[in-house]
Amino acid sequence: MPLQKISEFDTDYRNTLEGNDIKGMGVYVQGTDEKIGTVNDAVVDDQGAFRYLIVDIGFWIFGKKVLLPVGKSRIDSTANRVYVVGITREQAENLPEYQEHTTLDYDYEEQVRGGYRTPSVESSAALGSTVGRTTPSPDSYTYADDADLYDVSAHEDQTFKLYQERLVANKQRRKSGEVAISKRVESETARVTVPVEKERVMIERVTSQDTGKVVSADATDFGEGEVAHIDLYEEVADIHKEAFLREEVKVQKVVDKETVEAEETIRREELNVDADGTRIENKTDRR
């Protein structure tokens with residue numbers, strides 16, 4: 001069962017994988033965000049089937065690369081991650097180190113498989129059937145003998161994520177307009193009426209009761225010159241302009257509230273199960 005790196009088996013493997021490249025993906029412990037390393041390369045058999053991922057576990061053990069059987073991995077191409085199933089740091093320390101000159105023969109693979117056949121605390125139940133097993137000979141061995149290590153469909157516990165869309169309503173504040181308030185001066189002609197008074201002299205000549213009577217010479221004072229002085233006054237209109245407060249204008253903003261309704265088509269994924277007559281038990285653990 002000759003093994004080789006994926007780029008040696010298929011130089012155009014990226015197009016075969018629809019543009020995806022497993023190299024460089026982060027490797028994480030399943031169910032956590034604990035990163036333990038990075039995928040360095042992939043190893044396939046003579047049929048092109050994935051058998052191992054070459055993982056640099058520098059986050060656990062600096063500078064060490066190991067082979068990870070594909071059955072111990074879960075690839076999430078969307079998140080660009082590979083999740084490791086049921087492997088502890090202690091197991092990783094005991095795995096044989098992979099180097100570029102390492103010969104991928106049956107003996108080396110058996111060393112790798114031996115490290116994964118040792119059950120971890122998390123995977124003891126799943127791997128219990130492998131404890132104490134008799135390893136086939138090189139001539140009779142097939143990868144099906146270690147389905148738990150190589151067959152990703154052999155695991156009983158497979159998890160599928162169903163996604164659904166939902167509408168998310170947010171508000172954004174934007175400028176809808178502006179109001180500029182200024183003053184202007186308008187002119188008009190105003191008229192006002194002011195009554196004024198003017199003084200004048202009126203001379204009235206009247207007939208005295210004593211008119212015609214003879215007076216003595218001593219009572220007569222004939223003379224010349226001013227006999228009376230009268231000052232005359234008049235009013236004149238004093239018209240001028242003065243400013244006064246006519247009114248106050250208050251400017252303020254008020255908020256009008258309204259409800260905006262939107263309608264969109266959202267999608268969700270549903271699980272179709274074709275059991276072919278087999279009884280299926282559905283369990284729901286939703287909170």
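**Notes on the tyrosines and Asn80**

1. Starting with Asn80: its relative accessibility comes out at 41%, so this residue counts as partly exposed. Keep in mind throughout that this is a predicted model.

2. Asn80 sits in the loop that runs between β6 (73-76) and β7 (81-84). Its backbone is worth a look too: phi is positive, about 55°, even though Asn80 is not a glycine.

3. On to Arg81 and a ring. The charged end of Arg81 sits over the ring of Tyr28, at 3.9 Å from the ring centre.

4. Now the aromatics. How many aromatic pairs does the structure hold? There are 5. Take Tyr52 and Tyr150: the ring centres are 5.5 Å apart and the planes meet at 85°, and since over 60 degrees counts as edge-to-face, that is what this pair is.

5. Buried or exposed? Tyr52 and Tyr150 are both buried.

6. Tyr150 also pairs with Tyr143. Here the ring centres are 4.6 Å apart with the planes at 65°, so this pair is edge-to-face as well. Tyr143 is buried, and so is Tyr150.

7. Which residues make up the aromatic cluster? Tyr52, Tyr106, Tyr141, Tyr143 and Tyr150 form one cluster. If you have the model open, Tyr150 is a handy place to start, as a member of both the Tyr52 pair and the Tyr143 pair.

Conventions. Residues numbered from 1 in each chain as written. Predicted model: local features only at pLDDT ≥ 70, side-chain atom pairs only at ≥ 80, totals over all residues. Heavy atoms only, no water. Phe/Tyr/Trp six-rings, centres within 6.5 Å; stacked < 30°, edge-to-face > 60°. Buried < 20%, exposed > 50% of the residue type's maximum accessible area, 1.4 Å probe, protein only. Lys NZ or Arg CZ within 6 Å of the ring centre and 35° of its normal. Helix = DSSP H or I, 4+ residues; strand = E, 2+ residues; numbered from the N terminus.
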